[in-house]
Amino acid sequence: MRIETTAVRAARGEPTDGWLRSDSGSNERGIPHVPGIDLSTTYGFHRSSSVAESMDALLEGAHDAPNPVYARLHNPTVARFEDALAQLEGADAAVAFASGMAATTALLISASGEAASRRPHVVAVRPVYGGTDHLLSTGMLGTQVSWVDADRVGDAIRPDTGLVFIETPANPTLELVDIEAVGRQARAGGARVGASIPVVVDSTFATPILQNPIALGADLVLHSATKFLGGHGDVMGGVIACSEEWAVRLRQVRMVTGGLLHPLGGYLLHRGLQTLPVRVREQQAHAIELAERLSSHEAVRSVHFPGYGEGDSELVARQMRGPGSVLSFRVKGGVSAAAAVVEGLRLITPAVSLGSVDTLIQAPALLTHRVVEADDRADAGVSDDLLRLSVGLENVEDLWADLEQALARAWASAA
Ligand SMILES: *Cc1c(COP(=O)(O)O)cnc(C)c1O
């Protein structure tokens, strides 16, 4: 199945051998066109011995069991979203969480290993999402982080390294990291210290429609499902696609730490996947147009968009199927001019978050990356006057008219 078909059809409980052939004749029973939402927190059982078997399987991190037992161990609605997402990423499995940060937390706990052989060191490349930067930098989960340039990942690996963390395209500068090159470095660095070092890619900005990191040599792919996967700004979630072996560990951590995706969220995210290819491509077409127009506007200092950076276009062609629909830009006149642009908009919503059907704008230094130290922010290229624009499905001429009038007014008052 091609990606559009998988997006619409995956994990919906439909017969895989054709509707007519799987019909059981006289026992005709309707198969719901839309899978149900299972909100049950607990599940009754007939025999103690068989429910105990299910319990054992789930405690060992199994994908499912005949009896889900308790909603912190398994939920069928959430599992459907996980199965569909895994198929879209070309992964064996996926594990969903309450938010992108809950997913990252579970991954850091899993990767740092057991008490006897702790590997709390993480090698990471800036910039990453502000919350991720904060979680890694504060060490609140016992993490020790080395922030390095992408070409120094291999050198930074130590015997106690448990994970390499990259984000591409990166929030909010849209900088790209070469996933294959980082994978090669992680394998070389791992060989040097005698361990296999997993690489995770936060692929939130790309979605599975534009980039599949596992095919490029990454071990795990992380998404803030709150963004494009949901796509309508009404559900929070996070998900990690990976091998079944990693999924077992992540399910075990989720079970004991409880960062669960609610079944209603699982339902909405599964539904969101159906329109993901269409939304991503249409929003991307709008973003390409706006990035071009912004680049030639007199009030704009620079535009950041995959393909616009030095040597970027070769990498976009190699690891992505398009630049996506988030861009950032700097206006002439600094922070006050940037604030004037945001405040002058009439249609585009000033708000954090991204990937929704409506267009959102915000200044990362002020909001999403506020938790990152000012010096670290500046080093990572997140200047105070940078604006991040997540382009939606509105008519692109309406979006441009709004940006243009706000830029013109900010430019006039700055001049
Ligand atoms: C928003 C975001 C996160 C965090 O996800 P939440 O769902 O808000 O917890 C992580 N990574 C990236 C790239 C993000 O944009």
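This is a predicted model: local features need pLDDT of at least 70, side-chain atom pairs count only at pLDDT 80 or more; totals for chains, interfaces and linings use all residues.
Local features are given where pLDDT is at least 70 and side-chain atom pairs where pLDDT is 80 or more, while totals for chains, interfaces and linings use all residues. Residues are numbered from 1 along each chain as its sequence is written, and side-chain values use heavy atoms, with hydrogens and water left out.

We can begin with the sheet. Seven strands form an open, mixed sheet in the order β1-β7-β6-β5-β4-β2-β3. Here, helices (H or I, at least four residues) and strands (E, at least two) are DSSP runs numbered from the N terminus, and two strands pair if DSSP finds at least two bridges between them. β1 (93-97) and β3 (144-147) stand at the edges with a single partner strand each, so one side of each has no neighbour in the sheet. From one strand to the next, the twist averages 20°; axes are lines fitted to C-alpha atoms, for helices over the stretch in contact, and angles run from 0 to 180 degrees between N-to-C directions. Strands β4 (residues 161-167) and β5 (residues 199-202) run parallel and are joined by four bridges. Ile166 has Val201 of β5 as its bridge partner. Helix α9 (residues 244-257) packs on this sheet, where it touches β1, β6 (220-224) and β7 (238-242); contact means heavy atoms within 4.5 Å. The direction of α9 makes about 20° with that of β1.

A polar side-chain atom of Asp202 lies 2.6 Å from a ligand nitrogen atom, and one of Thr226 lies 2.7 Å from a ligand oxygen atom.

Some backbone features complete the picture. Most residues other than glycine have a negative phi, and most peptide bonds are trans. The loop between β4 and α7 (179-193) holds Pro169, and the peptide bond from Thr168 to Pro169 is cis, with omega near -10°. Pro172 lies in the loop between β4 and α7, and a cis peptide bond with omega of about 5° joins Asn171 to Pro172. Val69, not a glycine, has a positive phi of about 70°; Val69 sits in the loop between α2 (48-59) and α3 (76-89).

Terms used: A polar contact is a pair of N or O atoms within 3.5 Å; within protein, one must be able to donate a hydrogen and the other to accept it, and residues adjacent in sequence count only if both atoms are side-chain atoms.
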